[in-house]
Amino acid sequence: MLNKHNLVRVAEYVWEIPPTFREDMRVPARLYADEDLLDAALSDNSIVQLVNTATLPGVIQHAIAMPDIHQGYGFPIGGVVATRLPEGVISPGGVGYDINCGVRLLISGATVEEIKPHLEEIASSLYANCPSGVGCRGHLRLTNSELVRVLHEGSRWMLEKGYASLEDLDRTEEFGRMSGADSAFVSNRAHERGRDQLGTLGAGNHFLEVDKVAEIYDEAIAAHLGIYSGNVAVQIHCGSRGLGHQICEDFVSRFQETVRNYGITLPDRELVCAPFDSKEGQEYFHAMACAANFAFANRQLLAHMIRRSFEEILAGRIKGFELRQVYDIAHNMAKVEEHEIDGGSVRVCVHRKGSTRAFGPQSAVLPDDLREIGQPVLIPGSMGTASYVLTGTAGAMQQTFGSTCHGAGRVMSRARAKRIVRGSELRQQLRDRGILICAGSMSGLAEEAPLAYKDVSRVVDVVHRVGIAKKIARLEPIAVIKG
Amino acid sequence: MTSLCQLESGKEASAVRDFEAEGIDRKTLLVNWLNEILYAEQTCGEIYDRFRISEASDNRLHARLYGQAPGTTASHIKAATFHDLEVRKTAEEFEATVVLDV
């Protein structure tokens, strides 16, 4: 049993489990948290899962947990594991089932006061234009060849079809196209599950949210991103839908044999992996990149439909309502990156599962206009609370392979939340607080009740204080659309 | 899984389907088989509550499943996982613990 006594406090918000804790650990495990968030992390099995990830072949420096860590399948959610290439492994479980689950933020020039009289109409239009719920189908049904192009080209295909602008691509991680995609390694089942799901939200914790910019912490950077106090913003939180899920499922099953073949011993079968440069490792990476591109295209099509809703409802009524993209981030992904370790540049495979890339200023992979300020980081809160815009920092590059947290982090299971919360009552409570809810399922709404999550402000304060992201703005919801 | 899908009990089977699954060991076989069923439920709009196994070994399983075809499933189960997976042999049968992704 692991408890607080097994952790060494190495800085005010940094805790470490030394590799002597368990003989199969290859590196220390490190957790970023304040005392309360540490207690929350110790209340489930997530720290044991973190320790398990410290046993992966090739793991380098630390297995890292963010303050929003909670229990996942195999790997914890809110974790970062980097493996040294070429010998280090890649693990489908280290990315998760929803490959390239992520967040996109759009900002309007219109204020909340201008939009509010039309909010019910906007919410209804968003609900109609952006299908949500388990197994929902999108407005776009792709042919085989179109789906293959989406898998290879991501948002670039959407640009060609008129669903994206060049500015959208510039303001998307990987410019909306993950390199290395090869659909030859994507199963027929995954193709089939993805074919009619482009432009859909899905269910679970995925949502669309209309927000107001409630507070600015850094005026200059916020202005650089087009974010001003009182303006309206829209967040999209979703991923690669059934296609990404099927790819993860396919490779977790297949890698059960792969680990045997490579003589890899693991404490949990959901951690299965393959050496990155092996045939099996490469095949997963090629397939994962396809799912990542599908997710970029999915959020791009949703952004297009949201812009259409705003146009339908607001054109001729108010001015300056158009939505520009602030940024689009992935928080479930494995990437090959170069990082400075012990004074040298090392090529690593960084698994971020429930963790956001947070590259600091001067990073060569950022577009010119963001290089000065660092990569925007988007942290959605639980429904009815707050969300945050941050930027990446030099501190993240030094401490966490350029990574930070991804959200509030669950503290209560979906089943327990459903037992103690009534969806219809929650909807009324939120409405009384000025938050409009459009949800297809009241039990699904109950699962996402704010009390099922940690305090996102506390999570964000920790990453800000330890310098692995910098707070720029706080958003508060005025309408939420869910499956 | 069927109780999570809120299947109406006592109704005559309107969906009958044959399933095959393979795995390198008993645990992998179990997860693969459950995922075969979930895939069919999601793509065919069917829910199964009874099955008859016609062939079973540690690596291969063949079964016929019976259920209903409501058109769309109420299932919120996305997959069976390998996380904390356990298969135990008791005196007369097997017991398994499978964590489902919901």
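This is a predicted model: local features need pLDDT of at least 70, side-chain atom pairs count only at pLDDT 80 or more; totals for chains, interfaces and linings use all residues.
Good morning. Among the contacts in chain B between residues at least 6 apart in sequence, 58% join residues at least 24 apart.

Of the 102 residues of chain B, 26% count as buried.

Three strands of chain B make up an open sheet, in the order S1-S3-S2, with antiparallel pairing. Why is one side of S1 and of S2 in chain B left without a neighbour in the sheet? Strand S1 (15–22) and strand S2 (47–56) stand at the edges, and each has a single partner strand, so one side of each has no neighbour there. On average, neighbouring strands of this sheet are turned by 25 degrees against each other, direction ignored.

Within that sheet, S1(B) pairs with strand S3 (residues 60–68) of chain B over eight bridges, in the antiparallel sense. As one example, Asp18(B) has Arg64(B) in S3(B) as its bridge partner. The helix of interest here, H1(B), lies across S1, S2 and S3 of chain B and runs at about 145 degrees to S1(B).

How many residues of chain B are in contact with chain A? There are 19 residues of chain B, in contact with 18 residues of chain A. On the chain B side, helix H1 (residues 26–44) supplies the largest share, seven residues. By class, this side of chain B comprises eight nonpolar, nine polar and two charged residues.

I turn now to chain A and the largest nonpolar core. The core has 182 residues, and those touching the most other members are Leu31(A), Ile247(A), Met288(A), Ala291(A), Ala292(A), Ile306(A) and Ile481(A). Which helix gives the most to this core? Helix H11 (residues 279–314) of chain A does, with 20 residues.

Two of the residues just named lead into the surrounding elements. Take Ala292(A) to begin with. Apart from its neighbours within four places in sequence, Ala292(A) is in contact with Ile99(A), Asn100(A), Met178(A), Ala330(A) and Met333(A).

Leu31(A) belongs to strand S3 (residues 29–32) of chain A, where Leu31(A) and Ala29(A) point one way, Arg30(A) and Tyr32(A) point the other way, and all are buried. In general terms, side chains in a regular strand alternate between the two faces of the sheet. S3(A) runs antiparallel to strand S2 (residues 14–17) of chain A, to which four bridges join it, and Leu31(A) is there the bridge partner of Trp15(A). With strand S4 (residues 59–70) of chain A, S3(A) pairs in the parallel sense over three bridges; in S4(A), Ala65(A) stands opposite Leu31(A).

Finally, the helix packing. The axes of helix H10 (residues 241–261) of chain A and H11(A) come within 9 Å and cross at roughly 170 degrees. Because of that angle, H10(A) is roughly antiparallel to H11(A). The contact includes Ile247(A), Phe251(A) and Phe255(A) from H10(A), and Met288(A), Ala291(A) and Phe294(A) from H11(A). By class, the contact has 10 nonpolar, three polar and two charged residues.

Thank you.

Conventions: Residues are numbered from 1 along each chain as its sequence is written. Chains are lettered from A and ligands numbered from 1 in the order in which they are written. A nonpolar core is a set of buried Ala, Val, Leu, Ile, Met, Phe, Trp, Tyr and Cys residues joined through C-beta atoms within 7 Å. A residue is buried if 20 or more other C-beta atoms lie within 10 Å of its own, exposed if 12 or fewer, and partly exposed in between; C-beta atoms are placed from the backbone. Helices (H or I, at least four residues) and strands (E, at least two) are DSSP runs, numbered from the N terminus. Two residues are in contact if their C-beta atoms, placed from the backbone, lie within 7 Å. Two strands pair if DSSP finds at least two bridges between them. Ala, Val, Leu, Ile, Met, Phe, Trp, Tyr, Cys and Pro count as nonpolar, Asp, Glu, Lys and Arg as charged, and the others, Gly among them, as polar. Axes are lines fitted to C-alpha atoms, for helices over the stretch in contact, and angles run from 0 to 180 degrees between N-to-C directions. Angles under 35 degrees count as roughly parallel, over 145 as roughly antiparallel, 65 to 115 as roughly perpendicular and the rest as oblique.
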